[in-house]
Amino acid sequence: MAPALAMMHSDPGRPWQLGELAKAAAMSRMGFAVHFKAVAGVAPLTHLTQWLMLLTQRALRTEGTQVSVLADHLGYDSESAFSNAFKRVTVVSPARYRNQSKIPSREAPKPTVPEWILTH
């Protein structure tokens, strides 16, 4: 599983397919999916979505990145589709999440594109 996890975590915006991840782990698709869920508690692509949303939460809290930029770099077709996925995982919209976790303006960093986006 380690090679598949490394792949997902190193390139989170790539549209990973279960077959690619299973191949990296030298397993069949079914075997990989069953083993991954047994170990991680969630299906592989569910884990990937959760990972993307954790990265997004960090970006929204600390980096000031626009939601549309995040959506584009994470492989979503639109800001709306990304916002719906974010809300499905976190129960709030990206804008509401940002407002609820906003750093006071004197401490807030300048808006930038997150480094993990620039490297992929």
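Me: What are tyrosine 76 and phenylalanine 82, buried or exposed?
Reply: Both tyrosine 76 and phenylalanine 82 are buried. Buried means under 20% relative accessible area, exposed over 50%, and partly exposed in between, with a 1.4 Å probe and protein chains only. Phenylalanine 82 has 0% relative accessibility, so it counts as buried. This is a predicted model, where local features need pLDDT of at least 70 and side-chain atom pairs count only at pLDDT 80 or more, while totals for chains, interfaces and linings use all residues. Residues are numbered from 1 along each chain as its sequence is written, and side-chain values use heavy atoms, leaving out hydrogens and water.

Me: Why is the pair of tyrosine 76 and phenylalanine 82 called edge-to-face?
Reply: Rings of Phe, Tyr and Trp (its six-membered ring) pair if their centres lie within 6.5 Å; planes under 30 degrees apart count as stacked, over 60 as edge-to-face and the rest as tilted. Here the centres are 5.2 Å apart and the planes are at 70 degrees, so the pair is edge-to-face.

Me: And what makes the pair of phenylalanine 82 and phenylalanine 86 tilted?
Reply: Their centres are 6.4 Å apart and their planes at 40 degrees, so this pair is tilted. Phenylalanine 86 is buried too, at a relative accessible area of 0%.

Me: Which residues do ring pairs link into a cluster?
Reply: Tyr76, Phe82, Phe86 and Tyr97. The structure holds 4 aromatic pairs.
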